[in-house]
Amino acid sequence: MVLLESRCLPLLKPMPDFSLEDINGEPVSAYKSTGTKGLLIAFTCNHCPYALAIWPRLIELAKKSQTAGVNTIAVNPNDHPDYPEDSVDAMKEKARKWDISFPYLADKSQEVARLYEATCTPDLYLLDSHHRLVYHGRLDDNWKDPSNVQLRDLEIAIDNLIYNRPNTAPQFPSIGCSIKWQESV
């Protein structure tokens, strides 16, 4: 496991649309998935301990945010034979077991991860309704232990988006396992 931080990206950068298949093979478009206020895109997976630790909080925050107009999609960029727990079948099982209520997409070509400059799992992007980046960073200040969280960075950014307030808080990078990039041909 290689520990990485997410890259620093400029806020208000327009983020591109993409379409990937969900765990049932149905195409899902990022732009069409955007709620009235915005869209949270989580690059994540099933095997990384950092991603696994925040999944329950991410699921809960997604439920809360959806009622206020911010939808969520998760993208698994890991398509690597050494990590079978990131296969589409394993993603289906994770979605069922954890009652994931938002689309969980497979980035089999890894093009979307490259397009978004994702580097680790989890790597979290919050877009406004015009698909501009308004937050890119960590979920909160304690990935490992939810009971010790003092600052809920992503939740604050979502609240700012919902209530049309600028996001002026410092943005700290997400940390996690490196994306398991396919070998170049």
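These legends walk through several close-up views of one predicted model. Local features need pLDDT of at least 70, side-chain atom pairs count only at pLDDT 80 or more, and totals for chains, interfaces and linings use all residues. Residues are numbered from 1 along each chain as its sequence is written, and side-chain values use heavy atoms, with hydrogens and water left out.

**View 1. Here is the largest nonpolar core, with 27 residues.** A nonpolar core is a set of buried Ala, Val, Leu, Ile, Met, Phe, Trp, Tyr and Cys residues joined through side-chain atoms within 4.5 Å. Buried means under 20% relative accessible area, exposed means over 50%, and partly exposed is in between (1.4 Å probe, protein chains only). Look for Trp 55, Ile 100, Phe 102, Tyr 104, Leu 126, Leu 154 and Ile 158, the residues with the most contacts inside this core. Several elements each supply at least two of the core's residues, among them strand 4 (38–43), strand 5 (70–76), helix 3 (88–98) and helix 5 (153–162). Helix 2 gives the largest share, 6 residues. Helices (H or I, at least four residues) and strands (E, at least two) are DSSP runs, numbered from the N terminus. As background, nonpolar side chains in soluble globular proteins tend to be buried together.

**View 2. Now we zoom in on Trp 55 and what it touches.** Contact means heavy atoms within 4.5 Å. Setting aside residues up to four places away in sequence, Trp 55 touches Thr 44, Cys 45, Ala 74, Trp 98, Ile 100, Phe 102 and Tyr 104. There is also a second, separate core of 20 residues, and that one includes Met 15, Leu 105, Val 112 and Tyr 116.

**View 3. Phe 43 and Tyr 116 make a tilted ring pair.** The whole structure has 8 aromatic pairs. Rings of Phe, Tyr and Trp (its six-membered ring) pair if their centres lie within 6.5 Å; planes under 30 degrees apart count as stacked, over 60 as edge-to-face and the rest as tilted. In this pair the centres are 5.9 Å apart and the planes are at 50°, so it is tilted. The partners come from distant parts of the chain, 73 residues apart: Phe 43 is in strand 4, while Tyr 116 is in the loop between helix 4 (111–115) and strand 7 (120–121). Phe 43 counts as buried at 0% relative accessibility, and Tyr 116 is buried with a relative accessible area of 0%. Ring pairs also link Phe 18, Phe 43, Tyr 116 and Tyr 125 into a cluster.

**View 4. Tyr 50 and Trp 143 form another tilted pair.** Their ring centres are 4.2 Å apart and their planes are at 45°. Tyr 50 is buried at 9% relative accessibility, whereas Trp 143 is partly exposed at 26%.

**View 5. Two lysines sit over ring faces, starting with Lys 94 over Trp 98.** A charge sits over a ring if NZ of Lys or CZ of Arg is within 6 Å of the ring centre and within 35 degrees of the ring normal. Lys 94 is at 3.9 Å from the ring centre of Trp 98. Lys 180 lies over the face of Tyr 83, at 5.4 Å from the ring centre.

View 6. Asp 99, which is not a glycine, has a positive phi of about 55° and is found in the loop between helix 3 and strand 6. Glu 117 has a positive phi too, near 60°, and its place is in the loop between helix 4 and strand 7.

**View 7. Last up is Asn 76, a buried residue in strand 5.** Its relative accessibility is 2%. A polar atom of the Asn 76 side chain lies 3.2 Å from the backbone oxygen of Asp 86. Leaving aside neighbours within four places in sequence, Asn 76 is in contact with residues including Thr 44, Met 91, Tyr 104 and Asp 107.

How values were computed. Polar contact = N/O pair within 3.5 Å; in protein donor to acceptor, adjacent residues only side chain to side chain.
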